[in-house]
Amino acid sequence: MKKGQDLKPGSKGKPSAGDVTRREFLKITGSGIFVFFMLGDASLLVQDSLARRVSKALPHDFNAFLRIQEDGRVSCYTGKIEMGQGVITSLAQMLADELDVSHEAVDMVMGDTDLCPWDMGTFGSRTTRFFGPPLRAAGAEARGVLLELAAEHLKIPVERLATASGMVFDKRDTKSRVSYAQLTRGKRIDRHLSEPPALKKPSEFKIMNRPALRTDALEKVTGRAKYAGDIRVPGMLYAKILRLPSHGARLIDVDLSRAERVPGIRVVLDGDLIAVLHEYPDVAEEALSQIQAKFQSPESGLDEKNIFDHLLRVAPQGEVVARNGHLQKGELAAKTVFEKTYLDGYVAHAPIEPHTAMVKMEGKRATVWASAQTPFRVQSEVAAELGLPEENVRVISPYVGGGFGGKTRNLQAVEAARLAKLSGRPVQVAWSREEEFFNDTFRPAAVVKIKSAITEGGRISLWDYHVYFAGQRGSEHFYDIPNHRTMIHGSGWRAAPGSHPFATGAWRAPANNTNTFARESQMDIMAAKAAMDPLEFRMKHLGNGKMKRLLKAAAERFGWRPARAPSGRGYGVACGTDAGTLVATMAEVRVDRETGQVRVKRVLCGQDMGLCINPEGARIQMEGCVTMGLGYALKEDIHFRGGKILDLNFDTYEIPRFSWLPGIETLIIDDQNASPQGGGEPAIITMGAVIANAIFDALRVRVFQLPMTPERIKEALGAA
Amino acid sequence: MKEKIQFKVNDRPVELDVDPNRMLLWVLRTDLGLTGTKYGCGQSHCGACTVLVNNGAVRSCQTPVKDVRGQEVLTIEGLGSNGRLHPLQKAFMAQDALQCGFCTPGMIMNAHALLLKNPRPSPTEILEGMDDNLCRCGSHTRIVRAIQAVAEGKERRA
């Protein structure tokens, strides 16, 4: 965390709302606190939430991050959670290396609001980039203090001492030694260094930058790993909640009498909330089906086909986020102008674990177990729902069964809190798969319009880029183009009411999948017209040395031979940047002209993510991104009629399966001199474009809409 | 309408006084406290709830408990023996063949049933045999590798 950006360093406790001037709006992020200026008057509400949030920043005391236990094991405290992305392993690597203990000696304590330092949430591929440095600094300072303590204990000057495997020893006589545990005896260390010590250089690493297997695997392969739905407490009840048939619907009439006759059932009716509670979840589910309810659903003609026209109709004016040169000049210099429109449908997060939470109340205190990417946000929301001070609410994060952005929203925890309060019993709310689809905050449907041009010599002279409703991430191109403009119309998940018929939200590498699909498709269209190999065309427009280096390495590994598209080979290339990481992907596809079925045969994914903390973990994420990306590229698309979601389970909403598997190869450029960048999301961004470009290379036709279903491919073939 | 139902879970006899139409998944997870078997979809689409009944893979979310009367049920908790890991569990660890881990018990149980039926499956047979088990994290490549390692005898019971 950058200390210079912290407005109130070391502030303890909660400042009053008066600490905040009216026009200053402090936005707290994982990398510090930034000042924003509000144009209007800050409402009391904002000030109130502000007052609560101002104290929320990473602490400076290293004791908040680690504790050396009496047995010598080291507890590492982080507000981050483990949802599969593997930071349970890589954060321990970072701390162990800086502290000089073995990787195995570190126990991770994650996402427990009573024990862990505040954290904004686990999203945006931010853990390694922004939590990593302060964690490493904490480890380095603790090691420095331990050296001082050992010097006093051993009566040997610090300069003569060294550390290894949780021990401080005399370099001249290694038998003269003392363990960290002996020095600290399980207590917090009330000493600090006046000068923060330097972090280890890559040449000094013993644990970082080396492949490490997942440390949570044993628990997960034996079924011992606990997820929110696996928590059991005495007296608990399972709740099932009556849902609306469509977003925006209203309950007109309800008959609970049959549900009330289910033995052991408790029916809760509280305002808009109707729930049934039972000691068995399946009996609660059965009782729910006995509720007879009539609803009125609003009329809406919107569906997955006409949504794009609607979005363009309601789109806001937009704001320029990047520009240079003069668009007119670019057009005048052009030999060929290309105006294309790209469409992207709604996509579900669909983690295999649906949203789940349990809340137990004891007097004025509540404990929450939640499948959440944002435990501290859950703490605020549950506290508000229960009318308790935040410190009276403890959120414990069990393992999270996949998030992908969808578990940054945790309505289920608030529902469980409400029902626990109403019933006086611990209550678990575990959404069914149907509720998971219905309540999901989908990746927004979006439109991208690009007007671009090339000169006689095949250089891009114009780039006018408009993205509607996807969001900004990944919208700014990185090519050498003299005249360009990038405009954002509507954000990805804070669109004005009336934009989308249901909630939208952050989906793995938000906005970037849509933006990279559009940009990299357009690049290939221009390359084809310029009669150039698509890789060569990109190279020609790349000033960025790192992206060039990455593309070159990827091409070599893939065995890319230059040819202008369509070459008939079914080869595609696409590149992009996300969360500070550069991605270059190449793929080979085979397409059945009769059925329109695409078979992705192999994918090579290359990544430059700066210094790589755990190369094995990074590769798993890349493979996961490639596999998951096949879904939005080829199949996944939420069907709906207004606020009614038609895809509510995996029968109609198909996600990637074993039989889709391409050969996947990964390539990591290990740039040890660059700081570590994001790893959980970047590799997914290129999957739409690389397959679209490969399909074009195979068939000579292009699909402008995701997902590229057999129907759309046949339609494109028919039009050609 | 409760009935007495007896069956074996992980080699242990159990006798339950239970509504015979309740699904095995919920009986395992609530009545028996075996939470390793997961709910993913409730409709047999995803395989997170896969357990073995008499050595065959079944979807416990759609199997009424009366159907396992007198049968032998094996869940992820009973796969290892005497505290030793099953070769599939070892292989999943060695290959890092999991991420969030929520589909993992179902994956391992389905793979176990597959290998019981066909100890030397070809890569294609592995893909076909595992195709109805869903993983959202995208660990498929490594799961296939783990199953292959066991089929080729590279992982033995520890």
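I took helices (H or I, at least four residues) and strands (E, at least two) as DSSP runs, numbered from the N terminus. The model is predicted, so I noted that local features need pLDDT of at least 70 and side-chain atom pairs count only at pLDDT 80 or more, while totals for chains, interfaces and linings use all residues. Residues are numbered from 1 along each chain as its sequence is written, chains are lettered from A and ligands numbered from 1 in the order in which they are written, and side-chain values use heavy atoms, with hydrogens and water left out.

**Entry 1: chain A**

I looked up the secondary structure of chain A and found 18 helices and 29 strands. The C-alpha trace of chain A spans about 80 × 75 × 55 Å along its principal axes. I then checked the radius of gyration, taken over C-alpha atoms; the globule rule is 2.2 Å times the number of residues to the power 0.38. For 720 residues a compact globule would have a value near 27 Å, and chain A agrees, with 27 Å.

In chain A, 62% of the 720 residues are buried, where buried means under 20% relative accessible area, with a 1.4 Å probe and protein chains only. For contacts I used heavy atoms within 4.5 Å. Of the contacts in chain A with a separation of 6 or more, 75% are between residues 24 or more positions apart.

**Entry 2: Arg712(A)**

I located Arg712(A) in helix α18 of chain A, which covers residues 710–719. Is Arg712(A) buried or exposed? Its relative accessibility is 19%, and therefore Arg712(A) counts as buried.

I next listed what Arg712(A) touches, not counting residues up to four places away in sequence: Asp637(A), Val703(A), Gln705(A), Leu706(A) and Pro707(A). For Pro707(A), I noted that its backbone oxygen lies 2.8 Å from a polar atom of the Arg712(A) side chain.

**Entry 3: chain B**

I recorded five helices and five strands in chain B. Along the sequence, their pattern is β-β-α-β-β-β-α-α-α-α. The C-alpha atoms of chain B fill a box of roughly 45 × 30 × 25 Å, taken along the principal axes.

Which radius of gyration does chain B have? The value is 15 Å, which agrees with the figure near 15 Å for a compact globule of 158 residues. I also noted that 60% of the 158 residues of chain B count as buried. Among contacts in chain B between residues at least 6 apart in sequence, 58% join residues at least 24 apart.

Note on methods: Buried means under 20% relative accessible area, exposed over 50%, partly exposed in between (1.4 Å probe, protein chains only). A polar contact is a pair of N or O atoms within 3.5 Å; within protein, one must be able to donate a hydrogen and the other to accept it, and residues adjacent in sequence count only if both atoms are side-chain atoms.
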